[in-house]
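Hello,

Here is the structure I promised to pass on. Please open it first, then read my notes below.

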Amino acid sequence: MKVSFPYMGCVTGYKKILEMLGHEVIMPQKPTQKTIDLGVKYSPEFICFPFKVMMGTYIEAVQRGAEVIISSGGHGPCRAGLYGEVHEKILKHMGYDVQVIIFDSIFRDFGTFYTHLKKVRNGASLIKLIKDIRFAFQIICRMDEIEKKIKILRAYELNRGDFNRAWVEIQKLYDKCWTQQDLEKASKIAHQMINDIPIRKVKDDERIRVGIVGEIYVIMESSVNMNIEQNLNNMGVEVENVQYISDWVKHNTRGFFGSSKAEQMIGKARRFVKMNCGGHDMENIGWMVDFKERGFDAVIHLMPFGCLPELITQSAIPTISKELKLPILSLSLDEQMGTANNQTRIEAFIDLVRNLKSAPKTEVKEIEDEVWNAKLLKQELAG
Amino acid sequence: MRVGLPRALIYHYYYPLWKNLFEQFDVQVVISDITSKELIQKGIKVTVPEICLPIKAFNGHVINLLSKNVDYIFIPRFVGIESKKWFCPKFIGLPELVGYSIDGVKDKMLTIDIHGNREDTCLLENYRPLCNVFNITEKELKKALKKASAYWQEFKQYCMKGFTIEESMQILNGEQMVSNTHPEITLGLLGYVYNIYDPFVSMDIIKRLRQMDVKVITFEMMHEKDIANVFSKKSKSIYWTFSNKIYGAAKVLMNDPEVDGFIHVTAFGCGPDSIIGKLMELDSDKFRKPFMTLRVDEHTGESHLQTRIEAFVDMIKRKKFAEQRRELA
Ligand code: SF4
Ligand code: SF4
C-alpha cells in the first residue's frame, strides 16, 4: 500500500514504522504557502486552521499517489476526532479514491484500533508489529531529546545556521537506523555533533527562557507558527516547547509506555480551571504554572484562530498572568497570519521580558504588577 | 431569594424545567431581557474576540442580570447528557469563560455540573449543590426534581407534536393554539435552539417561514429515538450532543420525501457547525435537496435575511410545482 500521514513536527518516526511494515511511504511534504492555499480552497471556510493545512497536505500526498492516509483521532470533545471523516468525504468528493484511517486511542476503543491495526500491519505478526512500534518510538524519543537541546543552545550559536545544518544531518543519521546498535551509534554521533558547535557563553542570570504552550498542531509544526522557535532563538532566547511527538504518543497510549506528564500538569491547573474542555487546554494552564515554578521568564501561548478549547485558556490568561506574575503572550494563527504584525508583537514582548529581567530586583517587585500589566495591555490593544 | 437565568444558550431548551424546579423552593426566577443590540454589545466588549456569537450573547445576558438585583446567576456547566457524547467545549468551560470575562460575577455564580445520561439532566448528583444554597434536604430536592422532570417531559411532548418551543410553553400555560394553515412546502430548519429561538439572532425565522406558507421541522420536533437510530456503523455519529441531534435530524429528513429542502442557521464563529455544516451540505448534494446556510452575526440585517429566505423558498416552490406539473402531464 502507498501510505502517507499528516506532517507534524519531525516525521522520521512515522516513516520508520511504516517502512518496517513494508509499506511504500509517500513522504508528506512540509507545508508551504501552496499547501495552505490548497487546503483553504477545499476546506469548510470556518473550520480550524490545522484542518485546512492537513487538507492541503493530504491533497498533495494523494496527487503523488497515496492510497491510504493514516492519522490520529483526538480525544474527547474537540473537533480533531472528526477530522478524518470530513477529510475523507472531501477527498472523495474531489474524485480521489483514498482511505483515511483514524487511529483512536488504544484504550478508548480497542476494537476499532485493532481492525485498523490489521489493515496497516500488512500481514506482519503482532509480535513483529509491537517490536517495530517500540523501536520507532525509541527513535522518536532520541530525536526529541536532541531537538530539545537544540532549542536551548541555538540561542547562543556563534555562526548562524550551525545547529540547523547539524539537525539536517542528524535526521539523516536516524533515518538510516534499523537496529538497536545503529541507534546507539547514531545517538552518540548526534550528541557529539551538537556539543561541538561553538556557542557564546552566558551567565546564568542573563539567560532568558520562554516556554511555548498551546494547541498541539500549531506549536509542533514550524511552518504554521512563523517558525517561532527559531525566531526566538535568533533573539537570543532559549525555548522549551511542551509538546513533542514522544510525549504525545505517551499520552495517547497511557500505560503502554509509562504514565504521562499530562496528568501531572492537569493537577497544577486545578486552581484556575476545574475541567478539561476537550483539547490540551487544562494541561496548558498546568504548564504555565510549571514554567513559573521552574523560573522561566515568560510564556507564549499559540492557538489556531477560533480554537474551541484554547479560547477558554485565552480567556483565563490575563488572570493567570497576573496571579503568577508571569508575562504571557497569546497569539492566534490562521491562513491570514499577518506575519509582520505577529512578529512585531513577539519582538515587543521579548523586549519587555528582557527589561523586566534587567531591572534591579527590589524595584521589580514593586513595579512589576502595574508595569507589565499596563504594557501588556497596551500591546494587546495595539495588536 | 432571587435567582437569575440568562436568556441565552441552552436556556431555551431547559427553561420550563429550571423554572419549575426553582419555584418549588420559593425562589424567585429572574430572566434577563430579550436580546438586543445593546445587550449583545456589552457581551462583545468583555469577551475574547474570536469566540462564537452565542457565548458573547451569553455574557451580555449575565451582565444584564447583574443589574437586576439577583442573589445568584444560574450558570450550569454542561458536560454531557448521554453516554460517549459531550457538549461543545465552550459549554464545558462556560463558568470559566464567564468568570474570567466579567468583573464581580464570581460570587454570584451558581454553578452545577451536568453529567450522566439523562436528557432531562435531573440526576440528584447533578443538582445536589443546590441543597446548601436553597437550604433544603436531599429528599426535598429529589422530590422536586421528579416533579420538574415530569413537567419538562410534558413540554417536550408538545414540541414533538410539531409546536415550536415558544408555543409549547404557551400551551403549558393553558393557552390555545390553532394549528397551521395549508403549507405549500416543508423545510428542515437546522440549528441550535439558541440561534433559532433568539429573536435577535435569527429574527423570528420560524414566523417568517410560516408566513410564506412553509411548514417548518426542527430537531426538537422529532423523536430522539428516530434521530439516534439513523446512525449506523458506517456513518459515525458526532460526539457533541446537540450537534449530533441536528446532524441526525438532517439525516432523517433527507430520507423523508415530504421535506423539500434545508436551512442551516449557524452563528458566526461556531466550531462544531463548521464540521456538521459541511457534512450536511455534502449529504444534501447526494439527496438532491436544496440546502442553504444562514450565517448570522450581530451585524446581520433584517432585510438581508428576509431576502435570502424569500429567494430560497421561491426557488423551492418553483421547482416543486414544475415537478408536479410534469407528473400530471
Ligand atoms: S483543539 Fe482547536 S484546532 Fe484542534 S480540533 Fe479543536 S478547535 Fe480545532
Ligand atoms: S456549538 Fe457553536 S455556537 Fe454553540 S457554543 Fe459551541 S461554538 Fe458556540
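Twelve residues of domain 1 of chain A are in contact with 17 residues of domain 2 of chain A. Keep in mind that this is a predicted model.

First, the bounds. In the domain assignment, chain A has domain 1 at 2-124, domain 2 at 127-206 and domain 3 at 207-346.

A:K15 forms a salt bridge with A:D175. Their closest N and O atoms are 3.0 Å apart. Three residue pairs are in polar contact between the two domains.

Two helices of chain A, α1 (12-20) and α5 (110-121), each supply at least two residues of the side of domain 1 that touches domain 2. The largest share, seven residues, comes from α1(A).

**A helix in chain B**

Look at α1 of chain B, residues 11-23. Where does this helix bend? The bend is at B:L17, by about 30 degrees. Is α1(B) mostly covered or mostly open? Mostly covered: eleven of its 13 residues are buried. Among them are B:Y11, B:H12, B:W18 and B:F22. B:L17, where the helix bends, is also buried.

Best wishes

Methods:
Residues numbered from 1 in each chain as written. Chains lettered and ligands numbered in written order. Predicted model: local features only at pLDDT ≥ 70, side-chain atom pairs only at ≥ 80, totals over all residues. Heavy atoms only, no water. Bend = angle between axes of the 7 residues up to and from the residue. Helix = DSSP H or I, 4+ residues; strand = E, 2+ residues; numbered from the N terminus. Buried < 20%, exposed > 50% of the residue type's maximum accessible area, 1.4 Å probe, protein only. Domains from an automatic or database assignment. Contact = heavy atoms within 4.5 Å. Salt bridge = Lys/Arg side-chain N within 4 Å of Asp/Glu carboxyl O. Polar contact = N/O pair within 3.5 Å; in protein donor to acceptor, adjacent residues only side chain to side chain.
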